[in-house]
Amino acid sequence: MYAAPPSVEARVFTSIPERLFKSGQRSEWADVQFHGAPTPTFLEGPSFDRSGILWVVDIPWGRLLRITPDGQVSVAVEYDGEPNGLKFHKDGRAFITDHKQGIMVYDPTTDRVEPFLERSLLQRFKGVNDLVFASNGDMYFTDQGQTGLHDPSGRLYRLRPNGQLDCVLDRIPSPNGLVLNKAETVVFLAVTRANAIWRVPLMRDGTASKVGTFIQLSGGGGPDGLAIDEDDNIAICHVGLGTTWLFSALGEPMLRIKSPKGLLTTNCAYGGHDRRTLFITESKSGTILAADMPVPGRPMYSHAA
């Protein structure tokens, strides 16, 4: 329907050093996701704290990794979990969507990871995946688990600062990454197994209405993580295709960013001194890629006043 957009290749920003690989060990998560194949690391959840440090999660090994602006990697904390998404709160804490444990919170002042929201109305989540904060502190997060076209029962939740938990949308075949538009009137949601980005308009009372497909992709394994810039252009990590797309606020393809390392481009975040660099996780190789972008990314909630 559209002409192919310009194509560029991302550069390698840094890689997880082999000394930090979990080689020769077994992980239940990796046994299920990769049929027991060696998985010494699997990165997702890039997010920047206020000091400009990039944080990523290592899902099968329950680790939060800290990456300095010059690319030096260290393990900040390791715990019994399967962290998937991570976003910093403006109070300095990191909130984690953990597939195994629910919503967890990491306090960098104590280096402790503790439960924050483990279940809804006494029921465990299917497997929470990613999250984003609104400017008022509302946390939107996805509950994906093993859902898909065979079991379209994933959910999109909103957790208000007062503790109220709302199910905004259900019957989703694999809800994954998500972003809010600049006006915070729409959630854009990666629906991985439908290979699509859904547009979820938010009504005044916080409910969803007139939900529809905004972008239909093809190939690979589907869209995973999302990031959004100051002009409401959406960066989409297309896992299994080794590509991160940039689509305009109208849903038109603007740019294709190819991975030089592998096909599992899972998640992305804007950072750098002017927020014009997009950092992308190539999960299987343990590599962080970087690409220069035409428009600065939206400031994260962690940087809010």
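Arginine 11 forms a salt bridge with aspartate 292, and their closest N and O atoms are 3.2 Å apart. A salt bridge is here a side-chain nitrogen of Lys or Arg within 4 Å of a carboxyl oxygen of Asp or Glu. This pair links distant parts of the chain, with arginine 11 in strand β2 (residues 11-15) and aspartate 292 in strand β27 (residues 287-292), 281 residues apart. Aspartate 292 counts as exposed, with a relative accessibility of 54%.

The model is predicted: local features need pLDDT of at least 70 and side-chain atom pairs count only at pLDDT 80 or more, whereas totals for chains, interfaces and linings use all residues. Residues are numbered from 1 along each chain as its sequence is written, and side-chain values use heavy atoms, with hydrogens and water left out.

## Overall architecture

The protein contains one helix and 27 strands. These elements are DSSP runs numbered from the N terminus, namely helices (H or I, at least four residues) and strands (E, at least two). The radius of gyration is 18 Å, close to the 19 Å that the globule rule gives for 305 residues, so the protein is as compact as a globular protein of that length. The radius is taken over C-alpha atoms, and the rule is 2.2 Å times the number of residues to the power 0.38. The C-alpha trace spans about 50 × 50 × 45 Å along its principal axes.

Of the 305 residues, 57% count as buried. The accessible surface comes to about 13200 Å², and 49% of it belongs to carbon and sulfur atoms; the areas come from the Shrake-Rupley method with a 1.4 Å probe, and for residues only the protein chains shown count as cover. Among contacts between residues at least 6 apart in sequence, 45% join residues at least 24 apart, where contact means heavy atoms within 4.5 Å.

In soluble globular proteins, nonpolar side chains tend to be buried together. The largest nonpolar core in this model has 19 residues, and those with the most contacts inside it are Trp55, Leu64, Leu86, Ile96, Tyr106 and Val113. At least two residues of this core come from each of α1 (28-33), β4 (54-58), β7 (83-88), β8 (94-98) and β9 (102-107). Such a core is a set of buried Ala, Val, Leu, Ile, Met, Phe, Trp, Tyr and Cys residues joined through side-chain atoms within 4.5 Å.

Beyond its neighbours within four places in sequence, leucine 86 is in contact with residues including Gly45, Pro46, Trp55, Leu64, Ile96 and Leu131. A second, separate core of 16 residues includes Val132, Ala134, Leu156 and Leu202.

## Other charged pairs

The structure holds 16 salt bridges. One of them joins the side chains of aspartate 130 and lysine 87 (3.6 Å, N to O). This pair also spans distant parts of the chain: aspartate 130 lies in strand β13 (residues 128-133) and lysine 87 in strand β7, 43 residues apart. Aspartate 130 is buried, at a relative accessible area of 3%, and lysine 87 also counts as buried, at 17%.

Arginine 124 and glutamate 118 meet in a salt bridge at 4.0 Å, N to O. Arginine 124 counts as exposed at 55% relative accessibility, while glutamate 118 counts as partly exposed at 34%. Salt bridges that share partners also join Lys182, Glu230, Asp232, Arg275 and Arg298 into one network.

Strand β25 (residues 265-271) is mostly covered, seven of its seven residues being buried. Six bridges join β25 to strand β26 (residues 277-282), and the two run antiparallel; strands pair if DSSP finds at least two bridges between them. Threonine 265 has glutamate 282 of β26 as its bridge partner. The hairpin has five residues between its strands, and glycine 272 takes a positive phi near 90°. In the loop between β25 and β26 lies arginine 275, a residue other than glycine with a positive phi near 60°. Arginine 275 is partly exposed, with a relative accessible area of 28%.

Leucine 289 lies in strand β27 and is buried, with a relative accessible area of 0%. Apart from neighbours within four places in sequence, leucine 289 is in contact with residues including Arg11, Phe13, Thr265, Leu278, Ile280 and Glu282. Leucine 289 and serine 15 are 274 residues apart in sequence and 8.6 Å apart in space, C-alpha to C-alpha.

Methods: Buried means under 20% relative accessible area, exposed over 50%, partly exposed in between (1.4 Å probe, protein chains only).
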